[in-house]
Amino acid sequence: MRRRVKRRKENSIWERDSMKLFTMLCEYFLCVLVLFSLGQLINGINLSVIQVMSITIPIILYFYKRKTTWKKDIIICTIYLVLLLGTPFLSSRTYDLTVDGNTYHKTAIAFINSGWNPLGEGIKEYQKTHDDIIKIQESSKADLWVEHYPKATWILAATIYHMTGSIESGKCISFIFMIMLMMISYECLRRILDKRWAFGISILLTLNPIMLSQFFSYYVDGIMGIMFIIECLLLFQLKEKEPVPKELWICLIAIASIFVNLKFTGLLCSGGIAAVFYFYDLWKNRKEKDLKTIFLRITGMFVVVYVIAIFLVGSNSYVKNTIDHHNPLYPIIGKDKVDIVTTMQPKDFNEMSHLKKFVYALFSKTANTTYDDGRPILKNPIKIDRSEIDNLMI
């Protein structure tokens, strides 16, 4: 009997040391987002308090339920603290030189760091009442994106910025998310593959071209991909006939809260993944006698996860946009939407069919159509022109 119990514990992904660290990091990010969201409601946001509580709570929870040796506990907690306290200072030594990073991303982070309450006050009103901040140029649309876009990474980065005093330090969340992806992908893959294959595939998943190109910036496309994979891997751990482990609860809520509030497409992607798993689980268990129990369990789980992600963490974007503009996705869709696509595509695309756009997008020279004459030029797919290298460097 003892051997069976021991084997069952070893087979649980949540008993692995790396997944304990993964859970602690999820708890940290969730604490920051939830505490900030609650602070908005009472207009009592204190980033220093949020950071201290968010770092401390996972450590307290870890030692409350600890089952390993003190040596392992110290190592896990040390790595946890190094990631949260050490990597921000390393990130502060690099610069985000991107256009978006230096317009609305850093602007939003700086405003939140200086005390802006996104839920309680509009960005224009905040600028009028605070003379100690750099104002957004009226000709720029940055204030539109800052006020209405989802703000998960901005909140996390602003909390780190408040700790270090460097606006560049918040970029460390990209590195931490990459570490988290590597840990969970390895632990999931090693259950079905050789350890070397599991490690190799995990490295490839983590060091993907998008994440590598955005590593030193505040862009979130690479993070979107990371959240996509992590959410899928977490949902694969769901066993419909068994109670949901507390660790899985926490990690799902944390990842969904980040994913949904990265950008508006995060809501679609995260919700789409959840819907696929939800309906597949119901269909798979459609003939089970306890289908009602299974239905209530998985329905309740998804409802709790997305109520927190959308209505609490997303209160300063989805909820506020709905109240102010009767549209949770303002200003991207709806009758009063702002077109951000037409100006970014070649002018000739306005007269092309979808198929022709696809061909020209795939087989034409890389160019910045905002400044060029807007005419895509077809080329040999395996030939690289000097002008393309110059554009890619920009």
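Modeller: Two residues are in contact when heavy atoms of each lie within 4.5 Å. The model is predicted. Start with D336.

D336 sits in the loop between α16 and α17, and α17 covers residues 354-363. Which residues does D336 touch, leaving aside those up to four places away in sequence? The answer is H325, N327 and Y330. Is D336 buried, exposed or in between? D336 is partly exposed, because its relative accessible area is 33%. For a sense of distance, take L25. D336 and L25 are 311 residues apart in sequence, and their C-alpha atoms are 39 Å apart in space.

Now the backbone of this loop. The peptide bond that runs from Y330 to P331 is cis, with omega near 10 degrees. P331 lies in the loop between α16 and α17. H326 is found in this loop too. Its phi is near 55 degrees, a positive value in a residue other than glycine. Both features deserve a look, since most residues other than glycine have a negative phi, and most peptide bonds are trans. H326 is exposed, because its relative accessible area is 71%.

Positive phi also turns up at N43, again near 55 degrees, and N43 is not a glycine either. N43 lies in the loop between α2 and α3, where α3 covers residues 47-64. N43 counts as exposed because its relative accessible area is 60%.

Step back into α16, which covers residues 318-325. K320 and D324 form a salt bridge, with N and O 3.1 Å apart. The two residues are 4 apart in helix α16, so about one helical turn separates them. The general rule: an α-helix has 3.6 residues a turn, so residues three or four places apart point the same way. The partners are placed quite unlike each other. K320 is buried because its relative accessible area is 9%, under the 20% cut-off. D324 is partly exposed because its relative accessible area is 42%.

E147 and K320 are both buried.

Which residues of α14 are buried? They are F264, G266, S270, I273, A274, F277, Y278, D281 and L282. Helix α14 runs over residues 264-284, which is 21 residues. At 1.5 Å a residue it should span 30 Å; its end C-alpha atoms are 31 Å apart, so the two values agree.

The structure holds 15. One of them joins the side chains of D17 and K72, at 3.4 Å from N to O. D17 is in helix α2 and K72 in helix α4 (residues 70-91), so this pair, 55 residues apart, links distant parts of the chain too. D17 is partly exposed because its relative accessible area is 27%, and K72 is partly exposed because its value is 40%.

How do α2 and α8 cross? The axes of α2 (residues 17-41) and α8 (residues 152-164) come within 10 Å and cross at roughly 100 degrees. An angle from 65 to 115 degrees counts as roughly perpendicular, so α2 is roughly perpendicular to α8. On the α2 side, the residues in contact are Y28, F29, V32, L33 and F36. They meet A152, I155, L156, T159 and I160 of α8. By class, this contact has 9 nonpolar residues, 1 polar residue and no charged ones.

How values were computed: Residues are numbered from 1 along each chain as its sequence is written. This is a predicted model: local features need pLDDT of at least 70, side-chain atom pairs count only at pLDDT 80 or more; totals for chains, interfaces and linings use all residues. Side-chain values use heavy atoms; hydrogens and water are left out. The expected span of a helix is 1.5 Å times one less than its number of residues. Buried means under 20% relative accessible area, exposed over 50%, partly exposed in between (1.4 Å probe, protein chains only). Axes are lines fitted to C-alpha atoms, for helices over the stretch in contact, and angles run from 0 to 180 degrees between N-to-C directions. Angles under 35 degrees count as roughly parallel, over 145 as roughly antiparallel, 65 to 115 as roughly perpendicular and the rest as oblique. Ala, Val, Leu, Ile, Met, Phe, Trp, Tyr, Cys and Pro count as nonpolar, Asp, Glu, Lys and Arg as charged, and the others, Gly among them, as polar. A salt bridge is a side-chain nitrogen of Lys or Arg within 4 Å of a carboxyl oxygen of Asp or Glu.
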